[in-house]
Amino acid sequence: MEVSRFRADTREAVTDNMTTPYKFHGGVHPPANKAQSTRTAIAQMPLPAKLVIPFHQHVGNTAKPLVVAGDHVLKGQLIGLPEDGISSAIHASTSGTITEIGMQVVAHASGLPDLCATLVPDGKDEWIQREGINFRTSLNADVRQVLRLAGVVGLGGGVFPSDMKLRVGKHKVKTLVINGAECEPYITCDDMLMRERAGEIVKGAEIMRWALEADRILIGIEDNKPEAIASMQLAAAASNDDIRVVAVPTIYPGGGAKQLIRVLTGIEVAAGVRSTDKGVQCFNVATAQSIYRAVAFGEPLVSRIVTVTGNVQRAQNLEVLIGTPVSDVVAYAGALPDTDSYIMGGPMMGLPLPNAGVSIVKAANCIIAASPKLFPPAPPAMPCIRCTRCAEVCPAELQPQDLYWFAKSKEFGKAQEYNLFDCIECGACSYVCPSSIPLVQYYRFAKSEIWAREADKTSSDAARERFEFRESRIEREKQEKAEKLAAKEKAAAEAKLQAAKLAAEQAAASPDATMPAISTPAVAPPANDAQAKIQAAIEHAKLQAAAVKPKNTEQLTPQQLAEIADIELRRARIQELAGTDVETKE
Amino acid sequence: MLSALLIMSGIAVLLGAVLGYAAIRFRVEGNPLVEKIDAILPQTQCGQCNYPGCKPYATAIAAGEADINRCPPGGEEGIQKLADLLGVEFKPFGGDTNAPKPKSVAFIDENTCIGCTLCIQACPVDAIAGAAKQMHTIISRECTGCELCVAPCPVDCISMQVIEEKISNWKWKYPVFALTPVKQ
């Protein structure tokens, strides 16, 4: 029944072998609103007056800044080096001068500032020298290093470093899934990319298939994008790899990685299991294209396609340099006067921007200018009536009403038991909720609380370990001291005994009056010796202290010299206080 | 009659032997309750509970000698967890216990430090690096914010700095809705 229903859904133009018999649970059909932004070809956004490039645009560690204010940089020059493990590189998006490295508000739900480089373009847009590699004659590790230094991350919105996903793990990846579903309303950047640059996407897919040693490539595209499907089919036909372009039914969130894998291959990726364990790896189409640009031409990720839509005069797709202010982008598209806020991403999963001054980052697939008319404020949340409509649409097959209950009452352990972390925050539950409860907000709250608690637990465990180690160390030191003392006493007692014995023997051997002469050196010298040793040590320490010369003090500013003099004065006073008896002085 | 008695006493002897063996075989070392309480405590080792560390306080709670509301760094949530674990009533902070403070770490003003090592000796988690007559510094990652190093410093160069909210430690807030007044 299900199979026939979906085949009927699929467009007629798509032949039967390109559809899929599988489906995932739930899903919703929000109004697509995609037509507005697909009327014109991808346009190049003009160079802005100023770029603000954050150093943390990816999952993992913040890139380490390599430039300082005043440096002149070329387009594509590395300005942020990936730091340890999961991280990615950051590049100058155009040639110009770095005017500031500092904290600025970035596109993040918190509205907090993060480390950014401000770049004032010189207008020449001059590329750094760049060179591609032939991946077929290279090692997997080399290709991954190229991608890491080119700053290629997942452009579907996940921004996970692509080089990490191309590692060959212990499970063989059989199927490479290229995600062109683009299920979220309003967003059309992948659609336009597939229409116009299908060849580059297919070449990127070939590189990934080679790196992962996968057998086949499946490209999943929702059937509301017939032009993109046709264009990708043409490009796939020209490839020597086993590539199939599959039209998947249009249903939100069909573009979720787990959902698309389910629809294309029938494989269910269970809770706590990675798709690679099941032999599938999934990449977005724009990621495939940027992987191709990075490997074949040595071009780092300095721009991306952004859909600008919503309350604007000319909704369209623009190729925008990373770091371009959102205000410039919406101004270029002609934002209408009643625009009051901006959303990065789609209306279902996107995040409201703190202000229009933040810059386009690698995750920014879409900017929606919002107005009260376009997105009226949500009606006040009513109590949950347990209608379980949310459970019917949940693509992760969770029980959103229970999760809501647990998150609301802060029963985080229970929420985790009900697989809160399988929630992909797609917002389908909130979309259908008749009580307009902001369910996803509750899940996000619960998730970040759980993460914070786990971090607290780790640090408190570390503190406990350090405390216990310190206790045991102090105990051990005490014991060692006692043992040493006991050994010393024992040795002294023995020496005394020995001396007495010797004296007795000698006295017995020769009854002359030599006894005091022998016993004196046995007892008295240690005391004298110790005194002399202490004295010698004090002298030595004094000499050493006098010999110490301060280092790195050749080029001090007068202010620093004054500070040092001040400290020396204070130190002298403290030493003086320590020398005298404080209580008698008072 | 006799056989019944024999069977019953036989069973009693057998079960007694099994229980006796189990008591030896599955003997629990230490008091598991102390471990459970210690796991709830925040491990700041600050001594604000008047016990020399979290473990001694946990032992005192388990022995019924201490109240559960003596740990300011654990906050009210910590009291709630202890109350749940021990099956007792929640008790708010009160009496001579300090009020909970925002989480902070110690900071040494390196220009003022004279290198006396007094703070190093006071730190319960070895989070201060330094040596005699050398400048000291806090390893902030390991600092529990217990404030035990502040008092011994002879030159008052240690201050407590509240950990500020950054993107890396930012948390999603509990959804709240502002009530908007409606004109009548």
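How many bridges join β3(A) to β5(A), and in which direction do the two strands run? There are 2 bridges between β3(A) and β5(A), and the strands run antiparallel. This is a predicted model, in which local features need pLDDT of at least 70 and side-chain atom pairs count only at pLDDT 80 or more, while totals for chains, interfaces and linings use all residues. Residues are numbered from 1 along each chain as its sequence is written, chains are lettered from A and ligands numbered from 1 in the order in which they are written, and side-chain values use heavy atoms, with hydrogens and water left out.

**The sheet of β3, β5 and β6 in chain A**

- In chain A, 3 strands form an open sheet in the order β3-β5-β6, with antiparallel pairing; strands are DSSP runs (E, at least two residues), as helices are (H or I, at least four residues), both numbered from the N terminus, and two strands pair if DSSP finds at least two bridges between them.
- At the edges of this sheet stand β3 (64–65) and β6 (90–91) of chain A, each with a single partner strand, so one side of each is left without a neighbour in the sheet.
- Strand β5 (residues 78–81) of chain A is joined to β6(A) by 2 bridges, and these two strands run antiparallel.
- A:Pro65 stands opposite A:Gly80 in β5(A).

**Salt bridges within a chain**

- Side chains of opposite charge can pair when their charged atoms come close.
- With a salt bridge taken as a side-chain nitrogen of Lys or Arg within 4 Å of a carboxyl oxygen of Asp or Glu, the count comes to 30 salt bridges over all chains.
- In chain A, the side chains of A:Asp215 and A:Lys172 meet in a salt bridge with an N to O distance of 3.4 Å. A:Asp215 lies in the loop between α5 and β10 of chain A and A:Lys172 in the loop between α3 and β9 (175–180) of chain A, so the pair ties together parts that are 43 residues apart in sequence.
- A:Asp215 counts as partly exposed at 45% relative accessibility, and A:Lys172 is also partly exposed, with a relative accessible area of 44%; here buried means under 20% relative accessible area, exposed over 50% and partly exposed in between (1.4 Å probe, protein chains only).
- In chain B, B:Glu147 forms a salt bridge with B:Lys101, and their closest N and O atoms are 3.0 Å apart. B:Glu147 lies in the loop between β3 (137–138) and β4 (158–162) of chain B and B:Lys101 in the loop between α4 and β1 (104–108) of chain B, so the pair ties together parts that are 46 residues apart in sequence.
- B:Glu147 counts as partly exposed at 29% relative accessibility, whereas B:Lys101 is exposed, with a relative accessible area of 56%.

**A salt bridge between the chains**

- A:Arg453 forms a salt bridge with B:Glu77, the closest N and O atoms being 2.5 Å apart. This pair crosses between chains, from A:Arg453 in helix α14 of chain A to B:Glu77 in helix α4 (residues 75–86) of chain B.
- A:Arg453 is partly exposed, with a relative accessible area of 28%, and B:Glu77 is partly exposed at 38%.
- A network of salt bridges links A:Glu449, A:Arg453, B:Glu77 and B:Lys171.

**Surface patches**

- Patches are made of residues with over 30% relative accessible area and no salt bridge, like charges being joined within 9 Å and nonpolar side chains (Val, Leu, Ile, Met, Phe, Trp, Tyr) within 5 Å; accessible areas come from the Shrake-Rupley method with a 1.4 Å probe, and for residues only the protein chains shown count as cover.
- A patch of negative charge gathers A:Glu465, A:Glu468, A:Glu471 and A:Glu475 on the surface; Lys and Arg count as positive and Asp and Glu as negative, with His and the chain ends not counted, and the place of a charge is taken as NZ of Lys, CZ of Arg, CG of Asp or CD of Glu.
- A:Glu465 is found in helix α14 (residues 439–509) of chain A and counts as exposed at 61% relative accessibility.
- In chain B, B:Met1, B:Leu2, B:Leu5 and B:Leu6 make a nonpolar surface patch of about 520 Å².
- B:Leu6 has its place in helix α1 (residues 2–25) of chain B and counts as exposed at 57% relative accessibility.

**Backbone features in loops of chain A**

- A cis peptide bond, with omega about 0 degrees, joins A:Tyr252 and A:Pro253, and A:Pro253 is found in the loop between β11 (243–248) and α7 (257–265) of chain A.
- A:Val159, a residue other than glycine, has a positive phi near 45 degrees; A:Val159 lies in the loop between α2 (140–149) and α3 (162–165) of chain A and is buried, with a relative accessible area of 9%.
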